[in-house]
Structure formats: structure tokens, C-alpha cells
Amino acid sequence: MIPFLDLHKINQRFENDFKKAFSLFLDESYFILGKQVSRFEKAFAEFCGTRYCIGVGNGLDALRLILEGYKALEILSEGDEVLVASNTYIATILAIKQAGMVPVLVEANSENYNFNLFHLKTQITSKTKVIMPVHLYGEISPMNEINELAKENNLIVIEDAAQAHGAEYLNGKKAGNLGDAAGFSFYPSKNLGALGDGGAITTNNKELAEILKKLRNYGTSSKYVNDEIGFNSRLDEIQAAFLNIKLPLLEADNNRRRAIANKYISGITNNKIILPNYDGSKNHVFHLFVVRVGNREEFTNYLTENGVGNLIHYPIPPHHQEALLDFANLNFPMTEKIHEEVVSIPMSPMLTDDEVQKVISILNDY
Ligand SMILES: *Cc1c(COP(=O)(O)O)cnc(C)c1O
């Protein structure tokens, strides 16, 4: 059996350091917003190349709080429209809704599973205030085009970087430093994953960073002094300690993921399987390796019977979810096709060359 993602194996590498960190944490008993969170914020800002990083509770809150921050600065307000990919994970859309804004879904393209840029352009209205690109599956969105469009129309760009820690764009800048602000998730299965929930916001905007530090902590500027109607969404001190231990290995893990992706792409020659378009650059960190097939159920049954772990990201498009009935009448043919055909095959820095070869030959025998 080749697992889809072996989290135990990923984290086992750090077991001794985790145990030491936990022991120190218990000794010090400083549980919330302590030294580990500050240390991580500094290290992750440096990693992304941004001036600021604010640790928060999870990726959904990271995106939501960015919008709340702009509202508190009176730059955005409720009812503003946010352009967002129609094939994203639902969290991106929920963040917009929770902030009282209006998600406007934009059709995908099948080349990189990102915005169809023609549709993106035509959906800008006088109410549009934000473009929220998602670096889906770990591949950076076409940020040059998006930023240019944003500039022409005076829009804010907020990256959903939850799947793209460490991905590097054409200009050498990393995910998290390609728009006005970015939201990250450290959900355990992400490329940089905690041992529980966690998230962060990166930005170069000082006013935004300052207000976000308050908003994540009840709107507090100093103890028991409240300047804003805030939230409780802080990165956990112990999760920050674990992330501080894991961050130094992220780059090597991403390189290993890319090496595996290159092996898959050169090794899988079955023309029933559509492979991702990959230019070999660092703009993809292969959070997921997603292929497409015509008869998905037959294919996933075949994989499972042959011991190849597989998952679907994602089986139901947001506009067909029960939770988002107001989008039920929308039509996105490409997004719907993507949701019918995608299958994620094993991808983890811990896969051995043997396992990768086995996956390749099983897929070629299909
Ligand atoms: C994981 C993820 C999120 C949400 O992160 P949580 O930490 O689970 O809240 C948001 N957007 C995308 C694209 C994700 O993959």
C-alpha cells in the first residue's frame, strides 16, 4: 500500500525536537502569544520576504481577518464584491461571506486550474474591490496579469496561499509576497503543517499588520484596552513551537515534491491520464499532484485495488454545495468538468523512489 500522505512519517523526523519543545513549553507554562509565536512570525515573514507576519488560528480566519482589517481601516466595507475562483476550496468563499462581502465566482481554466483571465476581466464591476487568487494545488496564480488588472481598476489583491508555502514566482518573490496581503494555513496536511490548527497572514502594509495584531486578539492594543470589535484567533504557542522546528526543512521538502512531480511527469505515459502542466520552475510546490481522467470512478477503484492511495480535490464545486444555495443557478462548465475528472495521487516528501516507480507503473498499466 502506497499511502496518499503519511503524516506520521512526515512528523516522525522531528519527534525528538517536538518532545523537547513540549517539555519546555510545559515548564514555562506561557500558553498564549508567547516567544514561540513571535519567533515564528519573524521567521515566516523572513521566509516569505514580507515585512510582517501575524499568526492566527487557521487559514480560514487568516483570509477573513485580512478583509476585517481592511474594513477596520475603512478601505473595504460590507457588500463589496470579491472576485474568487469558482473551483477553489470552499474556505476561500466562506471567508468572504463571513466578512459580509460578496463572493463573485470566476470560471477556471484547465491549463493550471486557476482563473480564466478573460472571465476575470469581464466580471469586474463598480462594486468590485478585491481579487482573491488561490494558488491551487501549490501552483502560483498568474500574478503579473492579476496585479496589472488590480492596478488598472484600483483593486486589492489578497492571496489564498494555503496550499503554496514556499512557491516562488517568476520575479523571485514567494507566495505571500505577491499581493497586498496573504492568508496561509498550517493545517496538518499542508506543505508546512502544524500538529493541529494554525494559520498566518503576511503583508508589507504596516497599518494593516498593526490592526490585524489587534483584531486576532479581541481588538486589544494593550491588556484590557480594546480599540476594535475583535476576534479570538491566535496562533497557538505550542503549534508555533512545532512550526519553528519544521520551517527550516520546508524548502528541502518542496524540492523533493518537485523531484517526485518530475518523475511522475516523465514516467507516466498513459494517454488516458492527463498530467499537470509544469514548466519545471519553483512556481509550483506540488501540495497536490492532480491528474484528470475520463472515467474517474473506474480509475480510483483501480488505484485502490492496486494499493495506490488517492483522494479527490474536490468532488463538488462550491456553486453546487448545499451551503451555497445562492450560487446554485450559476454555470461554470470548465469548473464542473474539473470537479468530475480530477484525482490526486500520492504526493509527499517522504515517498521513496521505489514507491514513486511503483505508482508510475501502476498508472501506466491502467
Ligand atoms: C486549507 C485551505 C484553507 C483553510 O485552511 P484552514 O486552516 O483549514 O482553515 C483555505 N484555502 C485553501 C485553498 C486551503 O487549501
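An oxygen atom of the ligand lies 2.6 Å from an N or O atom in the side chain of Lys 190. That is a polar contact, a pair of N or O atoms within 3.5 Å. Asp 160 also reaches the ligand through its side chain, where an N or O atom is 2.8 Å from a ligand nitrogen atom. Gly 59 uses its backbone instead: an N or O atom there lies 2.8 Å from an oxygen atom of the ligand. Taken alone, the ligand exposes 380 Å², and the protein buries 91% of that. These areas come from the Shrake-Rupley method with a 1.4 Å probe.

This is a predicted model, in which local features need pLDDT of at least 70 and side-chain atom pairs count only at pLDDT 80 or more, while totals for chains, interfaces and linings use all residues. Residues are numbered from 1 along each chain as its sequence is written, and side-chain values use heavy atoms, with hydrogens and water left out.

Now look at the shell around the ligand. It includes Asn 58, Gly 59, Leu 60, Tyr 89, Ala 91 and Val 134. Asp 160, Ala 162, Gln 163, Ser 185, Tyr 187 and Lys 190 also belong to it. A residue counts as near if one of its heavy atoms lies within 4 Å of the molecule. By class, the shell has six nonpolar, four polar and two charged residues. Here Ala, Val, Leu, Ile, Met, Phe, Trp, Tyr, Cys and Pro count as nonpolar, Asp, Glu, Lys and Arg as charged, and the others, Gly among them, as polar.

Where does the ligand sit? It sits in the largest pocket, meaning that more than half of its atoms lie within 2 Å of the pocket's grid points. On a 1 Å grid over the protein atoms alone, a pocket is an open set of points with protein on both sides within 12 Å along at least five of seven lines; a cavity is a set where a 1.4 Å probe fits but cannot get out; lining residues have an atom within 4 Å of a point.

The largest pocket has a volume of about 600 Å³. A volume is the space filled by probe spheres set on the points, which are joined across faces, edges and corners. Of its 33 lining residues, Tyr 89, Tyr 187, Ser 189, Lys 190 and Tyr 314 are the closest to the centre. Two or more lining residues come from each of α4 (59-72), α5 (90-98), β6 (181-185) and β12 (342-345). Helices (H or I, at least four residues) and strands (E, at least two) are DSSP runs, numbered from the N terminus. α5 gives the most, with four residues. The lining divides into 18 nonpolar, eleven polar and four charged residues.

The second largest pocket has a volume of about 420 Å³. It is lined by 19 residues, with Leu 33, Asn 217, Thr 220, Lys 223 and Arg 234 closest to its centre. Its lining holds six nonpolar, seven polar and six charged residues.

The largest cavity has a volume of about 100 Å³. The largest share, three residues, comes from α10.

Note on methods:
Polar contact = N/O pair within 3.5 Å; in protein donor to acceptor, adjacent residues only side chain to side chain.
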